[in-house]
Amino acid sequence: MNNIQRLLSQKPLERITQSEMLRKGLLGTVFEGEESALMYAEHMDLYVLMANNEAAAEEAISHAQNPKLILSDISSFDKEIIRRFSLNGSTVCFSAAYLSQDKILVSPDIVLRPLSLEHLDRVDKDYPIYSREKIRRCILSGVLQGGFHMGEWVGFIGQHEEGTMGMLHIFDEYRKRGFGYELEARLINKLLDLGDIPTGHVVTNNHASLALQRKLGMHISEGTISWIY
């Protein structure tokens, strides 16, 4: 077992995203030490930091070159990373993973299918986190799925570039009807069919989303990860 595999095994839930990215060949190693590692995902210009303590984080992050986006599993070091590289801030999240092989029972009245560019305007209006161009790329790449109940478009869900589930949004007029559960359940089942571990990140104060993940059977990490930008 190399040092990176050992680090992954020490915090398997907190580091599940890193593990899945490595399995899919999305990460290259920049630095590998006893207590930390720094990896890089070229397709999204992302540095991935794993560290067991701040001294080890210091050693690893010193190998980053002009980072713009960092996924870190040592949130106590966020401020130092932001200061050092003149970044803007960080978002702290729990990691979530569906670790069962059993599919979730879903309603036959809802269909999940890829969106097309005819849906771009509505997604752009309702999902301000992404730019219009990034939403367009998500649609064209097929990672943004629409949920349709009896033919009516009720919302959407997708996968982020690192592979985690996200972008879940139910339109106002269809809320409080369980559609968020149904859309995510279908995406979980689809990922199981592909042989993937369904994973996600939930902002620590998003109690509604945390409740949904637990209802779906997702395991939630005790520790946190940070997106630093």
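Helices here are DSSP runs of H or I with at least four residues, strands are E runs of at least two, and both are numbered from the N terminus. The model is predicted, so to speak of local features takes pLDDT of at least 70 and side-chain atom pairs count only at pLDDT 80 or more, while totals for chains, interfaces and linings use all residues. Residues are numbered from 1 along each chain as its sequence is written, and side-chain values use heavy atoms, with hydrogens and water left out.

**View A. T17 sits in helix α2 (residues 16-23).** T17 counts as buried because its relative accessibility is 2% (buried is under 20% relative accessible area, exposed over 50%, partly exposed in between, with a 1.4 Å probe and protein chains only). Leaving aside residues up to four places away in sequence, T17 touches L71, E162, T164, T199 and H201 (contact means heavy atoms within 4.5 Å).

**View B. Strands β8 (residues 152-159) and β9 run antiparallel, joined by 4 bridges.** Pairing takes at least two DSSP bridges between two strands. Strand β9 (residues 165-170) is largely enclosed by the rest of the structure, because 5 of its 6 residues are buried.

**View C. The largest pocket has a volume of about 1400 Å³.** On a 1 Å grid over the protein atoms alone, a pocket is an open set of points with protein on both sides within 12 Å along at least five of seven lines, a 1.4 Å probe is used, and lining residues have an atom within 4 Å of a point. Points are joined across faces, edges and corners, and the volume is the space filled by probe spheres set on them. Of the 43 lining residues, G166, M167, L168, N206 and S209 lie nearest the centre. Strand β9 gives the largest share of that lining, 6 residues. The lining splits into 21 nonpolar, 14 polar and 8 charged residues (nonpolar is Ala, Val, Leu, Ile, Met, Phe, Trp, Tyr, Cys and Pro; charged is Asp, Glu, Lys and Arg; the others, Gly among them, are polar).

**View D. The second largest pocket has a volume of about 170 Å³.** Its lining includes Q159, H160 and E161. Helix α6 (residues 132-141) supplies the largest share of this lining, 4 residues.
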